[in-house]
Amino acid sequence: MSMEIREVAPGDLIVAANVRRDVALTKEFVASVKQHGVKVPVLVQEGPTGLEVLDGQRRTLAAVEAGLSVVPVVVQAVVADNGQRIVDQLVVNEHRSGLSSADQVEAIRDLALF
């Protein structure tokens, strides 16, 4: 599978159908994106009217709200059908979770060493 990395304006991305109905854009998430940018590229495909978001709906919407001029994207081959798109979105979203409090404390402790 051939992929290409680009930087594009987040407002130019098409947020198409997604299994996540509630994007839950918190003020904190938008503020983090505004301060740090989008660190994980948004996965997109070339659609008939532009680049369609396959993975990264929340990052895209937060980048728009934060006023970022560009975000990194990975352009992949077109997904063959909507069934495969839904399966892919379920797979990448099913096991995502935030850091535990213990992980956060340990990371801050590690940072203090530097």
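These are my notebook entries on a predicted protein model.

**Entry 1: the overall layout**

I began by listing the elements. I found 4 helices and 4 strands in the protein. Reading from the N terminus, I wrote down the order β-α-β-β-α-β-α-α.

Among contacts between residues at least 6 apart in sequence, 84% join residues at least 24 apart.

Of the 114 residues, 30% are buried.

**Entry 2: the nonpolar core**

Which residues touch the most other members of the largest nonpolar core? I noted Leu13, Val44, Val71 and Val73, in a core of 15 residues. The elements that each give two or more residues to this core are α1 (27-36), β2 (42-47), β3 (50-55), α2 (57-66) and β4 (71-76).

Leaving out residues up to four places away in sequence, Val44 touches Leu13, Leu51, Glu52, Val53, Leu54, Val73, Val74, Val75 and Gln76. I was pleased to meet Leu13 and Val73 again in that list.

**Entry 3: helix α2**

I went through α2 for buried residues and wrote down Gln57, Arg59, Thr60, Ala62, Ala63 and Ala66. What do these buried residues pack against? My note says α1, β2, β3 and β4.

Is Thr60 buried or exposed? Its relative accessibility is 1%, so threonine 60 counts as buried, since the cut-off for buried is under 20%. Beyond its neighbours within four places in sequence, Thr60 is in contact with Pro10, Leu13, Val15, Val42 and Val53.

I also checked what comes just after α2. There I found Gly67, with a positive phi of about 80 degrees.

**Entry 4: salt bridges**

How many salt bridges does the structure hold? I counted 3.

One of them joins the side chains of Glu4 and Arg6, at 3.1 Å from N to O. Arg6 also forms a salt bridge with Glu46, and here the closest N and O atoms are 2.8 Å apart. Arg6 lies in strand β1 (residues 4-8) and Glu46 in strand β2, so this pair ties together parts that are 40 residues apart in sequence.

I looked up how open these residues are. Glu4 is partly exposed, with a relative accessible area of 39%. Arg6 is partly exposed too, at 26%, and Glu46 counts as partly exposed at 38%. Through shared partners, the salt bridges join Glu4, Arg6 and Glu46 into one network.

There is also a salt bridge between the side chains of Arg59 and Asp55, at 3.4 Å from N to O. Are these two residues buried or exposed? Both Arg59 and Asp55 are buried.

**Entry 5: the end of the chain**

My last stop was Phe114, which I found in the segment after α4 (101-112). Its relative accessible area is 87%, so phenylalanine 114 is exposed; the cut-off for exposed is over 50%.

Which residues form a nonpolar patch on the surface with Phe114? I wrote down Leu111 and Leu113. Together, Leu111, Leu113 and Phe114 have about 470 Å² of accessible area.

Note on methods. Residues are numbered from 1 along each chain as its sequence is written. This is a predicted model: local features need pLDDT of at least 70, side-chain atom pairs count only at pLDDT 80 or more; totals for chains, interfaces and linings use all residues. Side-chain values use heavy atoms; hydrogens and water are left out. Buried means under 20% relative accessible area, exposed over 50%, partly exposed in between (1.4 Å probe, protein chains only). Contact means heavy atoms within 4.5 Å. A nonpolar core is a set of buried Ala, Val, Leu, Ile, Met, Phe, Trp, Tyr and Cys residues joined through side-chain atoms within 4.5 Å. Patches are made of residues with over 30% relative accessible area and no salt bridge: like charges are joined within 9 Å, nonpolar side chains (Val, Leu, Ile, Met, Phe, Trp, Tyr) within 5 Å. Accessible areas come from the Shrake-Rupley method with a 1.4 Å probe; for residues, only the protein chains shown count as cover. A salt bridge is a side-chain nitrogen of Lys or Arg within 4 Å of a carboxyl oxygen of Asp or Glu.
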